Amino acid sequence: MLSNPTIDEVDLRILKLLLEDASQSYKTIGQLVHLTGQAVGARVRKMQDFGVIEGTTLRWNPEKIGQTVHAFVTVFLSSNTAHPSFQAFAAQSEQVAEMHRVSGEGCYWLRVRVASPLELNDFLDRLLKYGNYKLSMSIGQIK
């Protein structure tokens, strides 16, 4: 059962198709869900209005532009008062591709992409201002 009664099974099919490839035209999606492109566009706008669709993005290959080092960093802040300044640091850092506040081990998990081990080391040195960290390097993406 859907938690939002204004979103139906056709909307979910459209959403799934957009998640697979957001560059598809509404006409192409319409052919797959048996609607016109205009009707698909109206349903997409409805899902945007309801906050189901918050934006669009694209998949890319960071290695093709030299970001060959992919690391996951668990951050342990040194104090409870460090959160706002750390969040600002991470938000402004081009190296941080993703940040999550977590429960369990650590305070934050960061996904970091950089061009070299030296650039990663520089980033980690700046991170030490806020606390300590545990580093895990990606050796290959499976999914």
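Which residue in β3 is the bridge partner of V69? I looked this up and found V114.

**Basis.** I worked with a predicted model, in which local features need pLDDT of at least 70, side-chain atom pairs count only at pLDDT 80 or more, and totals for chains, interfaces and linings use all residues. Residues are numbered from 1 along each chain as its sequence is written, and side-chain values use heavy atoms, with hydrogens and water left out.

**The sheet.** I took strands as DSSP runs of E with at least two residues, and helices as runs of H or I with at least four, numbered from the N terminus. I noted an open sheet of four strands in the order β2-β3-β1-β4, with antiparallel pairing; two strands pair if DSSP finds at least two bridges between them. The edge strands, each pairing on one side only, are β2 (96–101) and β4 (131–137).

**Strand β1.** I recorded seven bridges between β1 and β3, which run antiparallel. Strand β1 (residues 69–77) also pairs with β4 in the antiparallel sense over seven bridges. In β4, V73 has L135 as its bridge partner, and A71 stands opposite M137. Seven of the nine residues of β1 are buried, so the strand is largely enclosed by the rest of the structure. Buried means under 20% relative accessible area, exposed over 50%, and partly exposed in between (1.4 Å probe, protein chains only).

**The annotated span.** I found that UniProt, in an unreviewed entry, places "domain: HTH asnC-type" at residues 7–68. UniProt positions follow the numbering used here, feature names are shortened, and annotations may be inferred rather than shown by experiment. I noted that residues 7–68 are 53% helix and 0% strand.
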